[in-house]
Every structure is written in C-alpha cells, then in structure tokens.
Amino acid sequence: MTSQPIQVVADLHTHTTCSDGVLSPIELITKAEQRGLQALAITDHDNLDAHRHLRDVGYNGPLRLISGVEISCYDFGREIHVLAYNVDVDNANLQQYEAFYRNDRARRAEEMVANLHQARAPISYQEVIDEAAGAPIGRPHVASVLVRRGFVQSIQAAFDVYLDVGKPGYAAKTPFPVAQAVEMIHAAGGTLSIAHPGRYFTDPAMFLPLVKTGVDGIEVYHPSHWHVTREFYRVMCQQHGLLVTGGSDFHGSRDYDEANFGTFGLTAAGFEEFASTIASRHASVPKHD
Ligand code: AMP
Ligand code: MN
Ligand code: MN
Ligand code: MN
C-alpha cells in the first residue's frame with residue numbers, strides 16, 4: 001500500500017450493497033460527505049442500480065455524484081475490469097448488459113455451488129441468493145456463506161482455498177471483450193478507464209494492446225499500486241493522451257478499506273480535468289429520441 005500526502009477530493013471507484021459492498025448507496029454518500037470528499041462515483045460490478053435508486057430518492061446534498069459501473073471484461077486471456085463513467089442510466093443497451101450479467105452471475109454461482117459440493121464444502125444455492133440480497137451474485141457472497149457455515153475462517157481464506165482462479169470452487173463468467181464495452185459505453189455517452197491495471201500486466205508490451213482497445217483513461221491511483229507502478233501508468237497517460245482516474249475501491253468489508261477511503265482518488269486539479277473530459281465526451285454523442 002502507498003499513501004499520498006495530497007488532498008484527495010474525488011473517489012471514482014467504490015462499491016455498495018448493489019454489488020459486493022457493505023454500505024447502502026446513501027450510507028456510502030454520508031460517509032463520503034463526512035470524509036470531506038467533493039465528488040463520488042459509485043462503480044458497482046456490472047450494474048447501475050445504485051444510480052437509478054439515488055435518482056428516484058432525489059439526492060440533493062453537497063456531493064457531486066457521477067454515475068459509474070465496473071464492467072467485468074474477459075480479454076487477453078484474463079479477467080479485466082473497466083470503469084465506465086457518466087453514462088445514461090436508462091440506456092437500453094446498458095440495461096441489456098446489466099440483465100445479461102445478472103443472469104450470467106446467477107448461472108455461474110450455481111456452477112460454483114456444484115463445484116463446492118465436489119470439494120466437500122456443500123453450501124446451498126439458496127444461501128448464496130439470500131446472502132446477495134438482490135444484488136447480482138459475486139464471489140464475496142459465496143465466500144460469506146462459506147465462512148458462516150464454518151468451512152473456512154475468513155473471506156480471504158475462502159478465496160485462497162476455494163474461490164480464486166484455479167481453485168476448486170471457481171467458475172468463470174461468460175467472456176466479454178473490452179472492445180465491446182468500449183463501443184457500448186461510448187454509445188451511452190460514457191468515458192472508460194482501465195481499472196487497477198497493475199493487477200494485469202507489468203510488461204508494457206502486454207499493456208499496449210489493452211490501451212489500443214479505445215479506452216479513454218487509466219486508473220492510476222488505486223490502493224494496489226506501488227509508487228513505481230503508479231508513475232508508470234501516469235507516464236502512459238501522458239504518452240497516449242489518456243485521462244488519469246483514481247479511487248479507493250472501497251467495499252467496506254476489508255480491514256484496509258477504512259484507511260483507503262478519502263486517501264485514494266483525484267486532487268482538485270485532477271478532478272477538474274476528469275469532469276471536463278466526461279462532459280465533453282457526453283456532449284459529443286448524437287442524441288436520438
Ligand atoms: P466476482 O466479480 O464475482 O468474480 O468477484 C470478484 C470480487 O471478489 C472482487 O471485486 C473483490 O471484491 C473480491 N475479491 C477478489 N479476490 C479476493 C480475495 N483474494 N480476497 C477477498 N476478496 C476478493
Ligand atoms: Mn468487488
Ligand atoms: Mn475490480
Ligand atoms: Mn472495484
């Protein structure tokens with residue numbers, strides 16, 4: 001982990017109970033206000049439910065909210081997450097993608113439950129559904145059930161023993177290419193940034209094809225990036241004319257979440273550039289009625 005002696009005003013990567021976070025959208029907003037943030041993007045996995053909910057309840061507090069979603073892509077031989085910002089939450093194509101992932105995650109959870117039975121950790125699919133409480137099902141929900149049922153002592157152990165890629169309980173999502181996410185999000189007026197790139201490729205030659213998919217930015221500031229990693233991606237942004245984004249990836253379920261929230265994100269100057277870029281991208285999309 002690295003710390004930044006600078007004033008972060010915007011967190012552009014967070015999760016709520018609408019995916020695998022523990023705070024509701026309103027609870028997270030309250031927390032962000034208390035931390036003195038000026039802007040927040042909720043970026044749940046594969047859905048925009050938090051944003052439709054907030055629109056319906058009519059939040060009008062001081063925080064600038066930016067619509068967002070963390071898209072689970074599979075490309076270049078591995079899972080790759082792409083953050084999308086400032087999208088139209090009623091966009092029909094996006095809603096189709098959300099429904100696709102909700103179904104695909106349910107299918108995959110059933111597969112993981114079957115795998116876990118084989119691995120002598122017989123939890124039921126219904127327990128996993130209950131744990132997700134209406135959110136699209138993710139591995140953390142499965143992990144929580146494994147802990148509660150006493151098959152492992154911690155969420156981390158559930159991943160280490162059963163749920164990480166290559167472990168006996170793991171099942172993959174249906175592949176979704178990055179280029180498809182780029183096309184979908186640009187058509188919805190949004191802007192894309194590669195989430196936590198340090199998790200994927202340390203070799204620049206491997207990273208360039210990902211940059212060339214047409215994404216608009218890179219998440220430079222993320223708790224998983226060390227100084228050198230961060231500087232590498234910052235230079236990549238300069239060289240390729242890409243937007244710098246950043247966030248804490250707050251879930252509220254890990255012991256380090258608390259310290260990271262309000263620490264990782266963009267400064268006032270960085271956020272100004274981000275805000276003007278997402279606005280001009282949005283304005284450049286032709287409107288249809
Ligand atoms: P999924 O999208 O269902 O594959 O679940 C991925 C999510 O699981 C990530 O967004 C993290 O929140 C969480 N996760 C992934 N790896 C681990 C791990 N080793 N320990 C704890 N949580 C993890
Ligand atoms: Mn997550
Ligand atoms: Mn991610
Ligand atoms: Mn995330």
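What follows is a set of questions and answers on metals, sheet, helices and ligand.

Guide: First, the ground rules. This is a predicted model, where local features need pLDDT of at least 70, side-chain atom pairs count only at pLDDT 80 or more, and totals for chains, interfaces and linings use all residues. Residues are numbered from 1 along each chain as its sequence is written, chains are lettered from A and ligands numbered from 1 in the order in which they are written, and side-chain values use heavy atoms, with hydrogens and water left out.

Visitor: What makes a residue a donor of the manganese ion (ligand 4)?

Guide: Donors are N, O and S atoms within 2.8 Å of the metal (3.2 Å for Na, K and Ca). His 13 (NE2), His 15 (NE2), Glu 70 (OE) and Asp 249 (OD) lie 2.1 to 2.2 Å from the manganese ion (ligand 4), and these are its protein donors. Their spacing in sequence is H-x1-H-x54-E-x178-D. Glu 70 and Asp 249 link distant parts of the chain, 179 residues apart. Glu 70 sits in strand β3 (residues 64-75), Asp 249 in the loop between β7 (243-246) and α10 (257-260). One caution: water is not among the atoms, so sites may look incomplete.

Visitor: Which residues are the protein donors of the manganese ion (ligand 3)?

Guide: Glu 70 (OE), His 81 (ND1) and His 196 (NE2), at 2.1 to 2.3 Å. Along the chain they follow E-x10-H-x114-H. Glu 70 lies in β3 and His 81 in β4, so this pair ties together parts 11 residues apart in sequence.

Visitor: Which residue bridges ligand 3 and ligand 4?

Guide: Glu 70 bridges these two manganese ions, which lie 3.6 Å apart. There is also a manganese ion (ligand 2), and 4.9 Å separate it from ligand 4.

Visitor: Why is Glu 70 called buried?

Guide: Buried means under 20% relative accessible area, exposed over 50%, partly exposed in between (1.4 Å probe, protein chains only). Glu 70 has 1%, so it is buried. His 81, at 14%, counts as buried too. Asp 249 is also buried.

Visitor: How do you know which strands pair in the sheet?

Guide: Two strands pair if DSSP finds at least two bridges between them. Strands (E, at least two residues) and helices (H or I, at least four) are DSSP runs, numbered from the N terminus. β3 and β4 (residues 78-85) are joined by eight bridges and run antiparallel. In one of these, Val 69 has Ala 84 as its partner in β4.

Visitor: What makes β1 and β7 edge strands?

Guide: The open sheet has seven strands in the order β1-β2-β3-β4-β5-β6-β7, with mixed pairing. β1 (10-14) and β7 each have a single partner strand, so one side of each is left without a neighbour in the sheet. On average, neighbouring strands are turned by 35° against each other, direction ignored.

Visitor: Which strands does helix α1 lie across?

Guide: Helix α1 (residues 25-34) lies across β1, β2 (39-42) and β3, at about 155° to β2. Helix α2 (residues 49-57) touches β2 and β3, and makes about 160° with β3. Such angles run from 0 to 180 degrees between N-to-C directions, with axes fitted to C-alpha atoms, for helices over the stretch in contact.

Visitor: What makes a residue one of those around ligand 1?

Guide: One of its heavy atoms must lie within 4 Å. The residues around ligand 1 include Asp 20, His 45, Arg 105, Gln 156, Lys 173 and His 251. A polar contact is a pair of N or O atoms within 3.5 Å. Side-chain polar atoms reach oxygen atoms of ligand 1 at 2.9 Å from His 45 and at 3.0 Å from His 251. Gln 156 has a side-chain N or O atom 3.1 Å from a nitrogen atom of the ligand.

Visitor: Is Arg 105 buried or exposed?

Guide: Its relative accessible area is 4%, so Arg 105 is buried. It lies in helix α3. Contact means heavy atoms within 4.5 Å. Leaving aside neighbours within four places in sequence, Arg 105 contacts residues including His 45, Asp 46, Ser 72 and Lys 173.

Visitor: What about Asn 260: buried or exposed?

Guide: Asn 260, in helix α10, has 6% relative accessible area, so it is buried. Not counting residues up to four places away in sequence, Asn 260 touches Pro 223 and Ser 248.

Key:
A polar contact is a pair of N or O atoms within 3.5 Å; within protein, one must be able to donate a hydrogen and the other to accept it, and residues adjacent in sequence count only if both atoms are side-chain atoms.
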